[in-house]
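Subject: Structure handover

Hello,

Here is the structure I promised to pass on to you. Please open it alongside this email, and my notes follow below.

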Amino acid sequence: MARIAVVGSGYVGLTTGACLARLGHSVTCADVDVDKVARLRGGGLPVHEPDLDGIVASACAAGRLRFTDDPAAGVDGAEFVYLCLPTPRRADGSDDLSSVTTAARTIGPHLEPGAVVVTKSTVPVGPSHRVVEALGRADVAVVSNPEFLCEGAAVADFLRPDRVVVGSTDRSAARRVAALHAPDGVPVVLTDPVSAETTKYVSNAFLATRLSFCNGIAALCEAVGDDVDDVLCGMGHDRRIGHDFLRPGPGWGGSCFPKETDALLAIAADHGFDFRLLRHAVEANREQFDRVVDKVTALAGGSVAGVRIAAWGLTFKADTDDLRGSPATEIVRRLADAGATVCAYDPTVRRPPRGLDVEIADDPYAACEGARFLVVLTEWDELRDADLGKVAELLAARNVVDARNLLDRDELRRLGFTYRGIGRS
Ligand code: UDX
């Protein structure tokens, strides 16, 4: 079992560190955020992620997982050092690498001779050499091991990945990194660093494009009077297409898809390639937000000014508390900008997100009181199972725009609702 340090204890770093400890390695997670580290030491988690709390607690109890707010000390004695730092988007769409290079400069002098540094942070295709330069150590190997963790299923994704991609000019270091956590039978792709980084960007760009295509099919179904659920089900049975990632919705979002599609467009443009298909997929996604708003506006008779609206869900998808790049908050923002009063309920949101003009209700029913519309934006199970009879009693008018096709439309119609889904005529 290996001695491992993980620098950056956010969503990716904490999942990586806890799961590596679960596999039996000895792990130190470091973060410069003193409050976050104090919270982790006290058993609190900075993110909502199913199963992560149990894994962190048992790894800490077994003495295989510890936390420090001093990254330089954290890498002491480590054979492998994972960099799991944020790479936020700059105004021009490119990724800002400064957290990664700053951390690399900090830990460089403290690395064990022969250590392997693993970049999990999504670093733009090509400039991984900046990490090497910032480390300033010719005697350590640098390996790119992009993460493909889905929020809400990150632990399962780490422990049972579809594939493990490792890129390095040092094949032996790459093999050792794969051996740390790739379960038997899981495909391992050993490649060069640029190809590993590109794999991450294009996988997400492909999935985002697929979803924009699905949402396009939904719009087509509405226009011609088909039912999108049947159409996508028929499509998905083609083994080459499959059923996963084929659900229409309010648009795609999250911490990865919007940022990485923009970054890939910037990378392509820098290299003289106009990736038009991807550009259109990104534009189509913004139009999807508008389409949801348009459905509400049309039902309201052309304007939502002064109209009270209940919004169910604010996170970018269910089973996460992450609001980054959320289609739900984008749609709420547009409705509020158009003059609506929006009262939202989300199981993980207790106060209005910064900069968003929205009231927050304590439960789904309180959000509906006196509202003329219910707009469903995130596919939480709790909302799927809601008592629609009670909702009907609380609303001032029985109108539902279900941007996730989550609720039982037959039941809603029986209750006298005017219903609009996505891709349903
Ligand atoms: C994504 C990638 O899936 C993961 O591999 C990567 O490394 C990080 O980015 P995540 O951001 O957790 O993971 O979200 P994901 O589950 O992929 O969903 C992205 C968006 O697509 C969400 O807004 C979601 O609601 C939407 N979506 C997903 C749909 O609208 N329909 C679907 O069928 C699937």
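Which helix gives the most residues to the shell around the ligand? That is helix α9 (residues 193-224), which supplies 3 residues; helices here are DSSP runs of H or I with at least four residues, numbered from the N terminus.

Before the rest, a word on the basis. This is a predicted model, in which local features need pLDDT of at least 70 and side-chain atom pairs count only at pLDDT 80 or more, while totals for chains, interfaces and linings use all residues. Residues are numbered from 1 along each chain as its sequence is written, and side-chain values use heavy atoms, with hydrogens and water left out.

The ligand

There are 18 residues around the ligand, and E151, R247, G253, K317 and R404 come nearest (a residue is near if one of its heavy atoms lies within 4 Å of the molecule). By class, the shell holds 10 nonpolar, 2 polar and 6 charged residues. In this scheme Ala, Val, Leu, Ile, Met, Phe, Trp, Tyr, Cys and Pro are nonpolar, Asp, Glu, Lys and Arg are charged, and the others, Gly among them, are polar.

Backbone atoms also reach the ligand. A polar backbone atom of R247 is 2.8 Å from a ligand nitrogen, a backbone N or O atom of F316 is 3.2 Å from a ligand oxygen, and a polar backbone atom of E147 is 3.4 Å from an oxygen of the ligand. A polar contact is a pair of N or O atoms within 3.5 Å. The protein covers 95% of the 660 Å² of accessible area that the ligand has on its own (Shrake-Rupley method, 1.4 Å probe).

The two domains

The chain divides into domain 1 (3-190) and domain 2 (192-425), with bounds from an automatic or database assignment. Their C-alpha centres lie 32 Å apart, and 30 residues of domain 1 are in contact with 27 residues of domain 2 (contact means heavy atoms within 4.5 Å). Both domains give residues to the shell around the ligand, so the ligand lies between them.

One residue to look at

N285 sits in helix α12 (residues 276-299). With 4% relative accessibility, N285 counts as buried (under 20% relative accessible area, 1.4 Å probe, protein chains only). Beyond its neighbours within four places in sequence, N285 is in contact with S212, G251 and W252.

Happy exploring!

Methods: Polar contact = N/O pair within 3.5 Å; in protein donor to acceptor, adjacent residues only side chain to side chain. Helix = DSSP H or I, 4+ residues; strand = E, 2+ residues; numbered from the N terminus. Buried < 20%, exposed > 50% of the residue type's maximum accessible area, 1.4 Å probe, protein only.
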